[in-house]
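Have a look at the structure and read along.

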Amino acid sequence: MKIAIYPGTFDPITNGHLDILERALTLFDQVLIVIARNASKDPLFSETERLDLISASVKNHKNVRVDSFEGLLVDFAQKKKATAVVRGLRAISDFEYELQMALMNRKLDDTVETVFLMPNEKYTYLNSSIVREIARLGGNVSDFVPPVVRIALERKYKAK
Ligand code: ADP
């Protein structure tokens, strides 16, 4: 059984994340989406909200699990018996940071391979922060996120 982990902040999950997930599912038997807890970020959605939004967005995929973790990614991968880390590459601008992370993770544990996947071109300009900004300003995000996420964004900004 080939298990991959797909780590990120997912604040919130977008159609770009889902595009990468679907590509990963063609390569691996199971994909574990994991929210990496990051004390230096101040997310819009709480960890529980993000877990719920991811779960609702992937409910039709039976080989997907959702979790969160703190600590070293390679340790978490070992614990979950995952042999690969999936990351999305949108543009050259992603590359430098991603290469550094991938090589450092390999240095820490060379049994875990990082796999980069490219999304459909229409998602190359999409990220969670731009989606949050459009929603905050009252724009329509329905082309960029699943319906549950659009509703959650509308609620969040109405409450603010
Ligand atoms: P991070 O805070 O680590 O960037 P994100 O949740 O934004 O976490 O992203 C997690 C992973 O998904 C990263 O590998 C990122 O490059 C990828 N990703 C995010 N948005 C897209 C997109 N629109 N297309 C392809 N990959 C994406």
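1. Start of α1. A side-chain oxygen of Thr14 comes within 3.1 Å of the backbone nitrogen of Gly16, at the start of α1. That is a polar contact: a pair of N or O atoms within 3.5 Å where, within protein, one must be able to donate a hydrogen and the other to accept it, and residues adjacent in sequence count only if both atoms are side-chain atoms. Helices (H or I, at least four residues) and strands (E, at least two) are DSSP runs, numbered from the N terminus.

2. Ground rules. This is a predicted model, where local features need pLDDT of at least 70 and side-chain atom pairs count only at pLDDT 80 or more, while totals for chains, interfaces and linings use all residues. Residues are numbered from 1 along each chain as its sequence is written, and side-chain values use heavy atoms, with hydrogens and water left out.

3. Burial of α1. Because 8 of its 11 residues are buried, α1 is largely enclosed by the rest of the structure. Buried means under 20% relative accessible area, exposed over 50%, partly exposed in between (1.4 Å probe, protein chains only). Among the buried ones are His17, Asp19 and Leu21.

4. Phe10 is in the loop between β1 and α1, and has a positive phi of about 50 degrees although it is not a glycine. Phe10 is buried, at 2% relative accessible area.

5. Lys81 is not a glycine either, yet its phi is positive, about 60 degrees. You'll find Lys81 in the loop between α3 (73-79) and β4, where it counts as exposed at 65% relative accessibility.

6. β1 (3-8), α1 (15-25) and β4 (84-88) each give at least two residues to the shell around the ligand. A polar side-chain atom of Tyr6 lies 2.8 Å from a ligand oxygen, and a backbone N or O atom of Phe10 lies 2.9 Å from an oxygen atom of the ligand. On the nitrogen side, an N or O atom in the side chain of Arg90 is 3.2 Å from a ligand nitrogen. Taken alone the ligand exposes 540 Å², and the protein buries 89% of that (Shrake-Rupley method, 1.4 Å probe).
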